[in-house]
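The following note is intended for a colleague who is meeting this structure for the first time. Please read the numbered points with the sequence and the model side by side.

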Amino acid sequence: MLGDKDALVTIAVKDLKTAGKFYEETLGLKKTDAQEMGTLTYQSGSSKILVYESSYAGTNQATAATWVVGDVDGVVKALKAKGVSFERYDLPDMTHEGDVHVAGDLRAAWFKDPDGNILALVNG
């Protein structure tokens with residue numbers, strides 16, 4: 001029923017102005033033309049991300065969105081240069097190389113937006 005339909009990443013934030021600066025300037029996402037009151041919509045590859053104001057912002061303790069970037073180390077370095085701090089998790093069967101978590105060929109890194117939403121990068 002939904003297997004051939006596109007999904008939309010939906011992320012709650014406390015303040016659209018602060019979130020907009022982070023998602024546009026720090027992450028480099030492009031705002032779409034279709035904006036509704038109290039929301040921001042971004043294009044990210046062939047996906048869309050809807051950011052909306054909510055009093056529940058930042059309460060999710062799990063990853064809200066993941067980008068498959070190929071060169072995780074390069075993206076981590078670029079985001080760190082923009083002031084992004086990366087999380088360090090003790091996960092089974094994973095080691096750390098700086099801010100990057102490694103398990104075999106998998107390389108991943110996690111960071112948070114200004115509201116504490118957990119975002120991830122993986123090499124695919």
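Rings of Phe, Tyr and Trp (for Trp, the six-membered ring) are taken to pair if their centres lie within 6.5 Å; planes under 30 degrees apart count as stacked, over 60 as edge-to-face and the rest as tilted.

1. Basis of the note. The model is a predicted one: local features need pLDDT of at least 70, side-chain atom pairs count only at pLDDT 80 or more, and totals for chains, interfaces and linings use all residues. Residues are numbered from 1 along each chain as its sequence is written, and side-chain values use heavy atoms, with hydrogens and water left out.

2. Aromatic pairs. A search of the whole structure gives 4 aromatic pairs. One of them joins tyrosine 23 and tyrosine 42, which are stacked at 6.2 Å centre to centre with 25 degrees between the planes. This pair links distant parts of the chain, as tyrosine 23 belongs to helix 1 and tyrosine 42 to strand 3, 19 residues apart. (Helices, H or I of at least four residues, and strands, E of at least two, are DSSP runs numbered from the N terminus.) Phe22, Tyr23 and Tyr42 make up one aromatic cluster. Are tyrosine 23 and tyrosine 42 buried or exposed? Tyrosine 23 is buried, with a relative accessible area of 0%, and tyrosine 42 is buried, also with 0%. Here buried means under 20% relative accessible area, exposed over 50%, and partly exposed in between (1.4 Å probe, protein chains only).

3. Nonpolar cores. A nonpolar core is a set of buried Ala, Val, Leu, Ile, Met, Phe, Trp, Tyr and Cys residues joined through side-chain atoms within 4.5 Å. The largest such core has 24 residues, and those with the most contacts inside it are Tyr23, Val51, Phe86, Phe111, Leu119 and Leu121. Helix 1 (residues 16–26) supplies the largest share of this core, 4 residues. A second, separate core of 5 residues includes Ala108, Ile118, Ala120 and Val122. In soluble globular proteins, nonpolar side chains tend to be buried together.

4. Strand 9. Which residues of strand 9 are buried on each side? Ile118, Ala120 and Val122 are buried on one side and Leu119 and Leu121 on the other, so that both faces are covered. With 5 of its 5 residues buried, strand 9 is largely enclosed by the rest of the structure. In a regular strand the side chains alternate between the two faces of the sheet. Leucine 121 touches, among others beyond four places away in sequence, Trp67, Val72, Leu79, Phe86 and Phe111; contact means heavy atoms within 4.5 Å.

5. Strand pairing. Two strands pair if DSSP finds at least two bridges between them. Strand 5 and strand 9 pair in the parallel sense over 5 bridges, with leucine 119 of strand 9 as the bridge partner of alanine 65. Strand 8 and strand 9 run antiparallel and are joined by 5 bridges; here alanine 120 of strand 9 is the bridge partner of tryptophan 110. Strands 8 and 9 form a hairpin with 5 residues between them, and glycine 116 in the turn has a positive phi of about 90 degrees.

6. Tryptophan 67. This residue lies in strand 5 (residues 63–68) and is buried, at 15% relative accessible area. The C-alpha atoms of tryptophan 67 and alanine 120 are separated by 6.2 Å, although the two are 53 residues apart along the chain. The side chain of tryptophan 67 makes a polar contact (a pair of N or O atoms within 3.5 Å; within protein, one must be able to donate a hydrogen and the other to accept it, and residues adjacent in sequence count only if both atoms are side-chain atoms) with the side chain of serine 44, at 2.7 Å.

7. Helix 2. In helix 2 (residues 72–81), Val72, Val76 and Leu79 are buried. Seen down the helix axis, the buried residues fall within an arc of 70 degrees, so they line one face; the arc is that of the directions from the helix axis to the C-beta atoms. Lys77 and Ala81, on the other side, are exposed. The cover over the buried residues includes helix 1, strand 7 (100–103), strand 8 (106–112) and strand 9 (118–122). Glycine 83, which follows helix 2, has a positive phi near 95 degrees.

8. Two buried threonines. Threonine 32 lies in the loop between strand 2 (30–31) and strand 3 (39–44) and is buried, at 15% relative accessible area. Threonine 26, in helix 1, also counts as buried at 15%.
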